[in-house]
Amino acid sequence: MLLILSQENDVSTVHILQWLIHWGVPFFRINEEDNISVDTLSIGPNNCREIILMKNGKHRLVLNELKACWYRRGAVHLRIKNQFPIEIEKPLSERVFTHMKAEARACEDYINFIIESLPRINTYNRRDVNKLIILDIASRIGLKIPKTLVTTKKEIYLSTFGNNQKTITKSIHTGFDYMRVNDEGKEERYSTYTEVLDFLNLPNSFFPSKFQEKIEKEADIRVFYLFGDFYTMAIMSQDNPQTSTDFRKYDNIKPNRRFPAKLPFEVEQKLDSLMRAIELESGSIDLILTKDGEFIFLEVNPVGQFNMVSVPCNYNLEKIFAHKLKTFLS
Amino acid sequence: MKKLEANSNEIYVLNPTAIPVKGLSRSILCDIERHVYTLIPNALYELLRENRTGIISEVIYRYSNKDELITKTIEEYFDFLIQGDYIFFTNSPDLFQPLEFEWDYPAKITNAIIDVNDFTDVNFEEILSQLESLGCYAIQIRLYCQMAASEMAKKIFEPTKKSKIQAIEIVLPFASFCELDSWSKLTDLYTRIKYLQFYNAPKYEILQEFGYNGMGLIYLIKDNIENEKCCGVVHSQYFTLNISSYTEAQHHNTCLNRKISIDTHGNIKNCPSMKESYGNIRDTTLREALGKPGFKKYWNINKDQIEVCKDCEFRYICTDCRAYIEDPENIHSKPLKCGYNPFTCEWEEWSTNPLKQKAIEHYGLEELVKKEEKAM
Ligand code: SF4
Ligand code: SF4
């Protein structure tokens with residue numbers, strides 16, 4: 001049996017499961033939204049353990065019989081209710097509830113520990129990667145990275161980049177995305193894109209912000225990585241001012257052309273070292289191809305969207321990925 | 001030509017998604033990213049085959065031997081390639097790889113046809129659940145009898161509300177039409193309806209466009225689809241060009257691969273027009289029929305194996321028909337209902353071609369052919 005940890009609405013999970021179903025590979029899916037409870041959790045002498053979980057009160061999972069795990073998204077949440085058999089008054093009841101949550105947390109940690117020891121693709125503990133740390137490791141490994149600065153002062157910005165260097169600003173950690181419905185019933189969306197910076201508008205001091213030199217690029221490179229294999233796509237964006245900074249601002253009139261590509265061997269080797277260093281079995285990697293043919297590393301995302309690379313390049317990554325999961329069982 | 005001059009000493013690469021296909025007398029350039037194709041001369045095909053990447057001025061130098069006319073022609077070729085965005089310029093030509101043509105899909109069956117006439121006795125709920133268990137995502141239901149919107153809701157859509165089938169196409173006679181409103185409501189209510197096509201209508205007309213989800217088209221066509229014998233017509237308007245159809249066409253039959261059908265009598269077949277039946281839905285499950293020897297015998301016949309088609313520039317974007325073929329004795333002969341001749345590059349009326357009369361008789365298509373002539 002294969003364990004799959006995900007979220008209810010994740011389409012990539014559905015695409016992988018289609019293959020597993022097609023091949024008759026047994027799996028058990030836990031979504032973050034599911035109500036998981038511990039049925040048995042016994043640790044005995046002679047290296048013997050039995051861990052049985054219940055999903056939504058009806059599906060039974062014997063954790064110690066699992067052969068492998070794919071961590072896609074979410075977490076195993078043990079649901080506990082803020083209810084007590086006898087009446088307890090406030091601050092005490094709050095303290096008790098906090099304590100109960102910590103107790104449940106210990107079980108969750110143990111469950112994650114057991115899952116982590118399985119053959120696996122990615123894990124809960126590696127779900128969130130710190131972009132600054134990754135940039136640091138990438139640079140140490142010898143990948144080219146853009147000059148990056150986090151500061152709160154215009155002065156430091158200017159002494160780093162001067163006033164001629166074009167720069168972009170990016171979120172330090174993850175992008176921001178917020179949707180609301182305004183008074184007229186229309187949807188309004190706020191989100192951070194990678195933007196070209198106009199430093200003249202910078203105040204003298206500001207909230208810690210990340211700046212990166214803007215690199216003239218020929219293409220954005222997106223790599224899907226799986227156990228040392230690289231599936232690479234080039235997104236041609238240079239001719240198109242509307243998308244030359246961030247191709248996610250999709251241009252509906254003239255779509256960016258997307259082509260299959262193959263990175264030079266040394267770049268692949270370094271990226272492989274990076275992925276091993278940060279212990280990700282799979283993920284998507286963003287790079288830039290400069291006009292001079294250099295590859296500049298930008299970032300890694302542990303939960304890459306499959307079909308974004310798979311469909312335009314006809315890689316059928318979903319099948320390759322599902323096949324990898326299948327081989328865990330044999 | 002300004003752009004050509006500016007780029008003539010840079011390295012170009014043919015877009016990996018622009019794929020030249022050679023025919024007997026001319027070629028096409030398939031743009032599978034933008035879903036369009038363009039006719040090109042065979043000389044340009046050869047040029048691209050030998051020079052997927054290169055430097056324009058060098059290519060011209062090598063081929064023209066300083067001949068002005070040849071130089072001008074090749075310049076025109078490159079101008080066309082630049083204007084059409086079929087090539088791009090780069091300093092990293094080795095990065096770009098040709099597209100792989102692998103094809104696969106995680107389902108035993110991907111598409112199905114269910115034929116229905118006044119005498120058909122089908123339980124849609126049962127059939128759709130069987131199809132779902134085979135992984136099928138697209139179904140075409142062809143009605144050779146009238147059905148009102150309310151009846152269709154009750155018989156087909158209500159019982160299958162929870163089914164995971166993604167797209168259902170309905171083909172039915174214009175006589176069922178009455179007014180748009182009731183059919184519009186049907187597509188609003190059941191969002192899995194890909195389209196409603198009313199045949200034998202006074203004119204061709206789109207009455208309701210596809211919605212934002214690519215579903216819910218309602219349109220009229222003039223052709224009369226009175227029974228399964230009307231199927232199998234090959235025409236450029238039926239060409240499909242996208243990455244999945246194109247790659248599937250490299251290995252499989254473009255019509256019959258992973259298809260299952262139920263004809264008006266309940267017989268389970270690869271396609272309703274075929275002779276071979278693999279059991280009746282009354283006593284055989286679709287899965288059982290699919291497992292019988294012979295069911296999949298057409299699935300791997302691609303156009304490269306079919307006479308005439310194998311030399312046709314449209315072979316990977318064209319549908320293939322194995323139910324009606326020019327020589328019924330030869331499983332690899334050309335689709336009967338195609339009037340295209342890749343040698344002359346002309347489309348002719350297939351039904352009046354004297355060489356096809358024997359096959360038309362063999363399949364009992366004389367009546368239909370005559371009616372169509374009158375209608376024309
Ligand atoms: S094989 Fe021919 S008759 Fe059968 S479904 Fe395909 S096109 Fe129609
Ligand atoms: S000759 Fe064959 S491939 Fe060409 S249009 Fe006719 S049926 Fe299609």
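Let me start with a term: a salt bridge here is a side-chain nitrogen of Lys or Arg within 4 Å of a carboxyl oxygen of Asp or Glu. By that rule, five salt bridges turn up across the interface of chain B and chain A. Please keep in mind, everyone, that this is a predicted model.

Here is one of those pairs to look at: D31(B) with R257(A), where the closest N and O atoms sit 3.0 Å apart.

Now let's step back to the interface as a whole. Which chain brings how many residues to the contact? Chain B contributes 28 residues and chain A contributes 26. The size of an interface is often given as the accessible area lost when the parts come together. For chain B and chain A, that comes to about 2,100 Å², with 52% of it on carbon and sulfur atoms. On the chain B side, three residues stand out: E33(B), L95(B) and P106(B) supply 29% of the area that chain B buries against chain A, more than any other three residues.

And the partner, chain A? It has seven helices and 18 strands, and its C-alpha atoms fill a box of roughly 65 × 55 × 45 Å along the principal axes. Of the 330 residues in chain A, 45% count as buried. If you take the contacts in chain A between residues at least 6 apart in sequence, 67% of them join residues at least 24 apart.

Last, the surface and the charges. Chain A exposes about 17,900 Å², and carbon and sulfur atoms supply 50% of that.

Terms used:
Residues are numbered from 1 along each chain as its sequence is written. Chains are lettered from A and ligands numbered from 1 in the order in which they are written. This is a predicted model: local features need pLDDT of at least 70, side-chain atom pairs count only at pLDDT 80 or more; totals for chains, interfaces and linings use all residues. Side-chain values use heavy atoms; hydrogens and water are left out. Helices (H or I, at least four residues) and strands (E, at least two) are DSSP runs, numbered from the N terminus. Buried means under 20% relative accessible area, exposed over 50%, partly exposed in between (1.4 Å probe, protein chains only). Contact means heavy atoms within 4.5 Å. Accessible areas come from the Shrake-Rupley method with a 1.4 Å probe; for residues, only the protein chains shown count as cover. Buried area is the accessible area (1.4 Å probe) that two parts lose on being put together, summed over both.
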